[in-house]
Amino acid sequence: MLYFSGFFGNFFFERGIWILYLTSLHYSLFLIGILQSVLNLAMFLAEVPTGIICDKIGRKKSLLLGHSLIVVYLAMFLMFHDFWILLLAHVLYGVGLTFISGTDHAFLYDSLKIKGKESLYGKSIGTYNGLVIIGLAVAMAAGGYLQDISWSYVFIAGIVTQLIAIGVITQLKEIQFKENDNHMQSVGSIFLEIKDFFRLNRAFKYLILSVSIFFSITSVFYMYGQDLLNQEGIPVRDISIIFAGLSLLQAMFSFISSKPAEKYTAKRVLIATFCIIGILYCFIPLNNTYITVGAFILINALYDIIDPVSSKVINDEIPSKTRATILSIISLMTSFIMFIAFPFIGFLSDYFDNVVLLTIIGLLSIVLSLIMLISYYKQKADVSVHQEKVEL
């Protein structure tokens, strides 16, 4: 059921062409930039509050709220062209996304945990992420064809698929926690639980920093990749083909991500993948289009090894009753770093070569992520040794 809801819930037909839609309405790039900034700000401000709400009212209701807000956003785009209404639509869209972000992962993990099958989460989250990527790729490809008929069909199709996702979610069974692990708790108690968790798990902050730095900078690298590939002389049509192929490769990597972790442990897979990505960044500035494209594709594809593997490590650490809130804190950190990185890199690109700039920032992010990840595992090992001594 979660697989189906994730698949249909990510059919965003407008994702790859929404800027073209707004320019067709004679919106300037400045106004489009304001709408995007409002979306990012709404997500930043709503991330933790929606996580708390999820832990308080339950996973199922949170998913229903999130997808319902996205339906409203699509309906507003379908029916209105006024800037202020579209700005409000972006706010609702951002809040809707934060209701879903982390909640779907928490729902998936806890649905396995109550059956004593949380060891299967690595494979399950890899499959889930892969289906999400495929759904988005199919929708973006179909969006261009729907637009040829009418822009209205782009948003109508989105509303229909969101309603399908909502229908599937209504059939989900809410997670029933044990009485001493009940999610129907006050906001104050949630904050106290989180404070106690971080106090007793001091190493966890290094894990958060490691994945947040990696996710944010790699996402920025992915976004700026269009300009990076364009500077290599690749036409726009071919760039779209590259990104479509990349989506399929990302989905494949996500599907198989659990296998290396099961064979070699998550620690080894994460460290090795970080190192490989760091090496790939070094190939970006070489004056060879094929090498640059290959390195760009592999860096972003390997993202979908890190994502599900680190998700299992994180979810194995955190308690169910505050799971959605803590996952939201990680998303908040990632959004905050992206909020800083986007304009910072944009500002520096006016003074430095964009290719070299992205390479240096990418390498620095990998070094920092590695340091934080190793610190996390080192502190975890030190705590384990201390506990063994105490028990002896």
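A pocket, on a 1 Å grid over the protein atoms alone, is an open set of points where a 1.4 Å probe fits, with protein on both sides within 12 Å along at least five of seven lines; lining residues have an atom within 4 Å of a point. This is a predicted model, so local features need pLDDT of at least 70, side-chain atom pairs count only at pLDDT 80 or more, and totals for linings use all residues. Residues are numbered from 1 along each chain, and side-chain values use heavy atoms, without hydrogens and water.

Start with the second largest pocket. Its volume, the space filled by probe spheres set on the points, is about 340 Å³. The lining has 15 residues, and Leu2, Phe107, Ser111, Leu112 and Lys115 lie nearest the centre. Helices here are DSSP runs (H or I, at least four residues), numbered from the N terminus. H1 (2–9) and H6 (103–113) each supply at least two lining residues. H6 gives the largest share, four residues. By type, the lining has nine nonpolar, three polar and three charged residues; Asp, Glu, Lys and Arg count as charged, and Gly as polar.

Now turn to H5, residues 83–100. Its 18 residues reach 26 Å from first C-alpha to last, close to the 26 Å expected at 1.5 Å a residue. At its start, a side-chain oxygen of Asp82 comes to within 3.1 Å of the backbone nitrogen of Trp84. Buried residues (under 20% relative accessible area, 1.4 Å probe, protein chains only) of H5 include Phe83, Leu87, His90, Tyr93 and Phe99. The buried residues of H5 pack against H2 (18–24), H3 (29–57), H4 (59–79) and H6. Just after H5, Gly102 has a positive phi of about 90°.

Technical notes
Expected span 1.5 Å × (residues − 1). Buried < 20%, exposed > 50% of the residue type's maximum accessible area, 1.4 Å probe, protein only. Contact = heavy atoms within 4.5 Å. Polar contact = N/O pair within 3.5 Å; in protein donor to acceptor, adjacent residues only side chain to side chain.
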